[in-house]
Amino acid sequence: MKLSNISNYTGLLNKIKEECLQNPKRIGSLVGQPLNDYKSILNELSEDYKQEHAKDTHVQYCNRRFYKRCSLIGELETKIKKDLNCRGVLSSGVFFYGKGGYCGWHTDNRKDTKKLYFAFANEANKSFFATYKDDLIVDYDVKGWQSRMFKTPMWHSVGSNCLRFSLGFNVRN
């Protein structure tokens with residue numbers, strides 16, 4: 001299961017980003033305090049932390065804004081479902097990270113679910129998506145849109161030192 005070229009999505013993704021950013025009523029409250037060093041989140045994943053939080057169903061530590069559902073999300077879900085030829089696609093969230101923004105280590109603790117994220121960064125190499133299975137992998141964002149897909153449960157986190165906008169989806173085979 002692989003997504004087609006990201007350029008097939010950028011027009012719709014930009015419309016969703018603009019709808020969210022231009023409508024203050026859709027912006028949720030800011031959760032947590034920003035980090036002085038956005039990369040410090042990478043050091044938080046210890047064996048003790050993994051043992052304590054392995055079964056969490058929500059993120060313990062984050063500093064990001066949540067958006068209420070945008071009107072075009074359903075159209076994007078339909079497009080993804082058709083492109084991936086899968087049973088279902090459901091939005092899991094629309095998020096904004098400012099400078100010092102982050103989403104702490106978590107697994108989503110859902111078995112056999114694939115996650116798809118689209119992320120927009122206004123600067124290259126100033127935000128990242130990190131995963132940990134056997135080794136730590138830090139994938140820095142390019143400037144503009146990118147997509148990532150992975151299977152849960154898997155340890156992952158996000159850090160940002162720029163303006164970063166992301167949309168997450170649960171994908172059923």
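# Reading a fold, feature by feature

Modeller: Let us start with Ser-127, which counts as buried because its relative accessibility is 0%. Please keep in mind that the model is predicted.

Biologist: Where is Ser-127 found, and which side chain does a polar contact join to the side chain of Ser-127?

Modeller: Ser-127 is found in strand 7. Its side chain is joined to that of Asp-141 by a polar contact of 2.6 Å.

Biologist: Which peptide bond is cis, and where does its proline lie?

Modeller: Look at the omega angle. The bond joining Thr-152 and Pro-153 is cis, with omega about 0 degrees. Pro-153 lies in the loop between strand 9 and strand 10.

Biologist: How do I check the span of helix 1?

Modeller: Count 1.5 Å a residue and compare the result with the end C-alpha atoms. Helix 1 has 13 residues (10-22), so it should span 18 Å, and its end C-alpha atoms are 18 Å apart, which agrees.

Biologist: Which residues of helix 1 are buried, and which are exposed?

Modeller: Leu-12, Leu-13, Ile-16, Lys-17, Glu-19 and Cys-20 are the buried ones. Seen down the axis, the buried residues of helix 1 fall within an arc of 165 degrees, so they line one face. On the other side of helix 1, Lys-15 and Gln-22 are exposed.

Biologist: How many residues does the largest nonpolar core have, and which elements give two or more residues to it?

Modeller: The largest nonpolar core has 24 residues, and those with the most contacts inside it include Ile-16, Leu-76, Phe-118 and Phe-165. Helix 1, helix 3, strand 4, strand 6 and strand 11 each give two or more residues to this core. There is also a second, separate core of 9 residues, with Cys-103, Tyr-117, Phe-129 and Val-158 among them.

Biologist: What is Phe-165 in contact with, leaving aside its neighbours within four places in sequence?

Modeller: Its contacts include Ile-16, Lys-17 and Cys-20, along with Tyr-67, Val-94, Phe-118 and Trp-145.

Biologist: And how should I read a pair of aromatic rings?

Modeller: The distance of the centres and the angle of the planes describe such a pair. Here the count comes to 7 aromatic pairs. Tyr-117 and Phe-150 are stacked, at 6.3 Å centre to centre with 5 degrees between the planes. Tyr-117 lies in strand 6 and Phe-150 in strand 9, so their pair ties together parts that are 33 residues apart in sequence. Both Tyr-117 and Phe-150 are buried. Phe-118 and Phe-169, in turn, form an edge-to-face pair, with 6.2 Å between centres and 80 degrees between the planes. That pair links strand 6, where Phe-118 is, with strand 11, where Phe-169 is, 51 residues apart.

Biologist: Are Phe-118 and Phe-169 buried or exposed, and which aromatic cluster do they form?

Modeller: Phe-118 counts as buried at 0% relative accessibility, and Phe-169 counts as buried at 0% too. With Tyr-9, Phe-118 and Phe-169 form one aromatic cluster.

Key: Residues are numbered from 1 along each chain as its sequence is written. This is a predicted model: local features need pLDDT of at least 70, side-chain atom pairs count only at pLDDT 80 or more; totals for chains, interfaces and linings use all residues. Side-chain values use heavy atoms; hydrogens and water are left out. Helices (H or I, at least four residues) and strands (E, at least two) are DSSP runs, numbered from the N terminus. Buried means under 20% relative accessible area, exposed over 50%, partly exposed in between (1.4 Å probe, protein chains only). A polar contact is a pair of N or O atoms within 3.5 Å; within protein, one must be able to donate a hydrogen and the other to accept it, and residues adjacent in sequence count only if both atoms are side-chain atoms. The expected span of a helix is 1.5 Å times one less than its number of residues. The arc is that of the directions from the helix axis to the C-beta atoms. A nonpolar core is a set of buried Ala, Val, Leu, Ile, Met, Phe, Trp, Tyr and Cys residues joined through side-chain atoms within 4.5 Å. Contact means heavy atoms within 4.5 Å. Rings of Phe, Tyr and Trp (its six-membered ring) pair if their centres lie within 6.5 Å; planes under 30 degrees apart count as stacked, over 60 as edge-to-face and the rest as tilted.
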